[in-house]
Amino acid sequence: MAEKKRKVREESQKKTGRGEKKRKQLLSRILTTENHKKKKNIIKKKSNHKGDRRKTGPRLPNALRKAIDLLNPKPRESDEEIDSDAEVQVKDVYEYEERMPEEESKKNRRFDHVDNLEYELPEEFEDEDLSSEDDDDDDNVKRNDRGDGSNQVEDEEEKENDDRHSRMVQAIIGMQGKAVEELEADPSRAVFDGDGHISIQDLLEPLHGKPGYSKLRKRVQQLEKKSMPLQAPLPKVDREKLDRKAAYEQSKKEITKWEPLVKRNREAPTIYFDEDVNLGFSTVGAIASEFEPRTDFEKKIASVMRDAQVVEAHNQDGSRLLELNKISIEDVKDRQNRLAKMRSLLFRHEMKAKHIKKIKSKTYHRLLKKDKMKAASTERQMDPEAAKEYAMKQEFKRAEERMRLKHKNSSKWAKRILKRGLNAQDEGTRAAISEQLHQHTLLTRKMNSMKDSSSSDEDEDDDEDDMPGTEQDEASKLLTKAKEKTLKVIEEEDEMPQSGVLSLPFMVRGLKKRKEAAYEEAKLVLQEYDSSLKQLEDTDELSSPKVDTSCGRRVFGMAKKNSQESTNKKKSDNIVNNSDSEDDLEPKENVDVEHDKVRALHNDAHIDCDVLRQESGLDPDNVFKSFDDIVRDPGPKTTYEVSIFAPDSSKKMKREKEVNGNGRKPPSAVAPSLRFQNVEEVDRDTDTESGEEMVDGILSSATKPSYELPSQADLIHRAFAGDDVEEEFEKDKLEILNEEVPEPEKPVLLPGWGQWTHIQQKKGLPSWMLEEHENAKKKRGDALKRRKDAHLKHVIISEKIDKKAAKLHTKTLPYPYTSKEVFEQSIRMPIGPEFNPATSVGALNRPEVVKKSGIIIKPIKFEEVNPYDKVEEQKHSGRKQRTKNKGSGGKTINKKIEKKVN
Amino acid sequence: MKVKVISRSEDEFTRERSQDLQRVFRNFDPSLRTQEKATEYVRALNAAKVEKIFARPFMGAMDGHIDAVSCMAKNPNHLKGIFSGSMDGDIRLWDIASRQTVCQFPGHQGAVRGLTASTDGRILISCGTDCTVRLWNVPVASIMESDDLSDNSAKPLAVYVWKNAFWAVDHQWDGDLFATAGAQVDIWDRNRSAPVNSFEWGHDTVVSVRFNPGEPNVLATSASDRSITLYDLRMSSPARKLIMKTKTNSISWNPMEPMNFTAANEDCNCYSYDARKLDEAKCVHRDHVSAVMDIDFSPTGREFVTGSYDRTVRIFQYNGGHSREVYHTKRMQRVFCVKFSCDATYVISGSDDTNLRLWKAKASEQLGVLLPRERKKQEYLEAVKNRYKHLPEVKRIVRHRHLPKPIYKATALRRTMTEAERRKEERKKAHSAPGSMPTEPLRKRRIIKEVE
């Protein structure tokens, strides 16, 4: 390119005459086309020509130039255009002023030469409008004069039109011309100006019309005037350095564009990375369409599903599906047969069941039942599981029985039969009734298999019997048992028949009498027991009193239990008797049932009695009989048997009190004592009442005659006459003060320390010690004065450091916070869901970074952020617990405000 | 007469579905609840304790290499995939979920020093001390199809043999270029067999190179002359060099803040720099007791993970001076490379003991699907803990970490040393003319100069 340009330039140099003319034309053009942006290129080209010519041009004689001018007239069309432009231009003084220098600057290499071809003038073109153009020039010059008044222009004014331009140019670049010559002489010059590098002029060109352009241009000219030697190229290192510098500046600038974005992200309370997540297929259909059969089964299904025929049938009305649905005849037949067989089997089973149900033979059913039972029992024996189940069932039955008492003659049928009387019934009914009762007893009986703790009573007793103890022990045990029994019997006596014959007054009286008698007897018997027991103990004392007592006590407890049980039973029996006093059978039954149990309970009692008989010389028969009677005799009489046997035993002892002391008072005995107590109470009541009265009386009598209302202070003084509260308080306070601000220890001389001679002793304590003590004292005084309660006489304000509270305080102000208040504010409001409405909890608790695991987070993408925009924290706004270091105070305050808004 | 009655719309207290929670109406008047702060404090304390109890960061180890793992690369497009290269020239693709090798890439004759994958995850680029750069096709297959071990080794797409050994490679984000580091920095196009550009500034070996993911034409390298250099591909020229007192082993750009990068230094610290102001570090991250070998930023840009020669992996906040977390196991040796997973949930470390280890980024995080209520609860506990973290009890629990004895001792020793240095400096200053010894902050102290 550069080569080409150079060539062209050389050509143009050859025809300098033409170039000269062109220059003129150009000048006019330049003068006129000011703001003509379109023409700018053209101007460039022309001026380039001008520059070229300038090298040789300025030295042509005027005459010659004129001739050349005449030879080369200007193109008309362009001139016209330019004229119009000029007219427009004329008005603009300022622009013009700038245009002139442009024309004057004789710069070469400014414009592209090649494009010039467009405006090359034909050789024989006549320049007819030259004068007019000159006029224009005149005008321009004048205006220029007015505007600028630069010397060069003034000089030019007087000159002729023809050579004015050349002269002007010469005047301007007179000096430069020489320089150019010099340059021409320089062989390197061709290279220098031949290259197509962009020059300063090129760079200046776009500045046309800008203020300050002329100044700049002048300076450039001046620079150019001075022929400066070319600088040697910079060393590579420096060049690279400059490059790097530029690159760094550039990249710095590029990177800075991220700043608002980064700032926004950093200041946001939360950044979200879980948004705009492409979850892939969202609909079931889409997922299903992606399904690929993998297993054999799936493939088979898929082959059926994607069968063309089936698909087609589906796509149509579906009626063809029926055709495709083929089933073999054998299959259908098979199925039918199977169904028929099942049906017939069911029918037969049903029939059989009906038939069996219809059979009325009891024997058959019994046998059936038996069979079933047998089967069940064998099964139970064989199978522990079944046995367990059976046991469970039994247990349930028992429980049910206990709850419902179904077999206790409570049914309508049983009641009716009982009402009519059992004797009136036939054998079968009676048997049924008894069977029922038996059932009840069976069901309600406590089962040994259940490992009851209650049923172990006897076992324990037996164990005790088996225990290797002395005979005396056994004897004592027996005795205590017997005693128990008697006591129990005595206890039982308090029950009185409420209805029936026995409730008649005379009967009651008789009963009472007899009871009292029996009671007496019982007491006697008890005393006997006691004495015999004592005897035993006496003999036993030496051997093992401890064991003995413990043993006795234990036995006592056991026996008591037993006795209570038995009494209960008897009571219930009584009740039964009372209600069904007419029937004989039933009580008997009851008793029979009872009998079993009671016998079991009292087995040892018999033994007791025997032993007892042998030990103490009592009349054994009576006792034995009595106990047997207790056990054996039917209900109502049992209690009285005791009283019957009692008179026979004839020994009396005076140990009534002891018996009473045992707390087993007979009702008769209780009654009087109660009465006595009542009396006593009444007495006491009266006593207290009278006492109060007395007090009242004293008071009234004391105050009435000369009562004078004492003053409040007096009263208080009198009330607290004894104690001096204030002094106590002061003492307390002093104590606390001493504790909190301890008094400095008095300096003491440790004996032996620093006492080489007697000198020190004479001097006393060293001065520094005293001083220290003084200081400590002063300090203490200050500390006391500084206390909050120093001036409050009646108050103690503890200034002890609370260790428990200390853990709720930070030692220093945490990092992002700038002041204590701000920090405290930041933790003032709770953030929990219990303390905040659901709408704000989320915002309060939101973490700084919200992301989902499993979602790839891409690096940041550039987006325009308006830095002056208030950060839109906005939707998700709320808590701002930022770790950033700037202005945490402001942030927290913001937070507070937000909260308030919420 | 107007009778005032309570009127409530039924919508307020009826549930839409039977599974919905019953709405509880509360009076939020703070005067009614005076103990709320105490309640929250206790909750924070409990949360801290519970967090400590549930802190079980180690997920599993991936063994298979027969030499130390020297480099790793994550697949930017596939969460489960991670590539690892070892000192014996073995390259493996792991499936993190099953912790098994999916594929092997045999071919390198010497140690593999650099690995990187293209942004779309299709092409893996490796380089090593055998002076070759190899491009591989990453198999799309999952673990299920690669059960038979016979065909799970891939062949390279291309092998470019070059003049010098390579130390590192990194791929441009969303582009075709990648850069290798060795005797000089070469910029390659994936489709050409020779570098399209190469930069040489100084004569020392470049040991690491990293493209800026946010600004894909900017890259940073560190060299064995203790320098960190920035390059701009738009100007196709180096931009700036920073020389520190010790070598930088690795660099990582913050993916969310394109102007910031953090350098893992030989002097046990990491230095966060703003690329525009290299005269001083933004932050110094201290805690390691031996040279930091590798660093990788979390994709969230809020934290980064470092692996160190002291056999620990640490996680730092991007602006935190001390580590948030330290991971170590008895068997883990010098850690040569670490990576944060693309979802910022896991951390993977490769160490001298030939194993890759998978860690949770948050030690006590509950993995798996969280129900919304569960998530809310955890968020609340986290918030409460964060609020009271300055109080001594909570702080003690939250900050407590068990350290291996050697590291603990080394930490103590380092502390003593820095303390002694500080004291000496103080005394020197006290005994010299005022103003003659200006205090230089740590952020500047380790910088020698900035070269234009």
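Reply: In chain A, helix 21 (residues 384-404) and helix 23 (residues 427-444) have axes that come within 8 Å and cross at roughly 115 degrees; axes are lines fitted to C-alpha atoms over the stretch in contact, with angles from 0 to 180 degrees between N-to-C directions. Helices (H or I, at least four residues) and strands (E, at least two) are DSSP runs numbered from the N terminus. This is a predicted model, in which local features need pLDDT of at least 70 and side-chain atom pairs 80 or more, whereas totals for chains, interfaces and linings use all residues. Residues count from 1 along each chain as written, chains are lettered from A and ligands numbered from 1 in written order, and side-chain values use heavy atoms, without hydrogens or water.

From helix 21 of chain A, A:Lys397, A:Arg398, A:Glu401 and A:Arg402 meet A:His440, A:Leu443 and A:Thr444 of helix 23 of chain A, contact meaning heavy atoms within 4.5 Å. By class, the residues of this contact are four charged (Asp, Glu, Lys, Arg), one nonpolar (Ala, Val, Leu, Ile, Met, Phe, Trp, Tyr, Cys, Pro) and two polar (the others, Gly among them).

Chain B holds an open sheet of four strands, ordered 10-11-12-13 with antiparallel pairing; pairing requires at least two DSSP bridges. Strand 10 (168-171) and strand 13 (197-199) of chain B are the edge strands, each pairing on one side only. The twist from one strand to the next averages 20 degrees. Strand 10 of chain B is joined to antiparallel strand 11 (residues 177-181) of chain B by four bridges, and B:Ala168 has B:Ala181 in strand 11 as its bridge partner.

As to confidence, the model scores ipTM 0.91 and pTM 0.51.
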